[in-house]
Amino acid sequence: MSSYLLALCVSDFEYVEGSTDKGTRFRIWSRKEALEETEFALYAGIKVLTFFENYYDMMAFPDFAAGAMENWGLVTYRERVLLFNEKLYTPLQKQYVATVVAHELVSVEF
């Protein structure tokens, strides 16, 4: 799923919540009357998220046409997008690296 898609919801839904072994919170929201029916999806969602928590590698290439690319298991970056040295770069460049990393990891997750 592309990270530029956005969904907003206003409701009186309730949620069930769990977490992965590493402590990542996972919630499923539904109507109160349907909460019982979300238990399996909660279990499955946590299992899937746990699997992906263990399978991300990031690689910096000296030259990479796309700048950065989300792929399942390996996220690739141009060096100027991933590498940061506090002695050489500005805080704005540090923020840029964090923003690109966040974008790529969110894109690959979905």
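Reply: Start with exposure: a residue is buried under 20% relative accessible area, exposed over 50%, and partly exposed in between (1.4 Å probe, protein chains only). This is a predicted model, so local features need pLDDT of at least 70 and side-chain atom pairs count only at pLDDT 80 or more, while totals for chains, interfaces and linings use all residues. Residues are numbered from 1 along each chain as its sequence is written, and side-chain values use heavy atoms, with hydrogens and water left out.

First, the setting. The protein chain has 3 helices and 5 strands. Here helices (H or I, at least four residues) and strands (E, at least two) are DSSP runs, numbered from the N terminus. From that end, the order is β-β-α-β-β-β-α-α. The chain has 110 residues, and 25% of them count as buried.

Now the salt bridges. The term means a side-chain nitrogen of Lys or Arg within 4 Å of a carboxyl oxygen of Asp or Glu. There are 3 in the structure.

Take Arg 27 and Glu 17. Their side chains meet at 2.6 Å, N to O. Arg 27 sits in strand β2 (residues 25–30) and Glu 17 in strand β1, so the pair ties together parts that are 10 residues apart in sequence. How open is each partner? Arg 27 has 29% relative accessibility, so Arg 27 counts as partly exposed. Glu 17 is partly exposed too, at 41%.

Next come Arg 31 and Glu 33. Their salt bridge spans 3.7 Å, N to O. Arg 31 has 48% relative accessibility and counts as partly exposed. Glu 33 has 63%, which means exposed.

Then there is the pair Glu 86 and Lys 94. The closest N and O atoms of this salt bridge are 3.5 Å apart. Glu 86 is exposed, at 63% relative accessible area. Lys 94 is partly exposed, at 42%.

Phe 13, Tyr 15 and Trp 29 make a nonpolar patch of about 310 Å². Patches use residues with over 30% relative accessible area and no salt bridge; nonpolar side chains (Val, Leu, Ile, Met, Phe, Trp, Tyr) are joined within 5 Å, like charges within 9 Å. Accessible areas come from the Shrake-Rupley method with a 1.4 Å probe, and for residues only the protein chains shown count as cover. Phe 13 lies in the segment before β1 (14–19). At 34% relative accessibility, Phe 13 is partly exposed.
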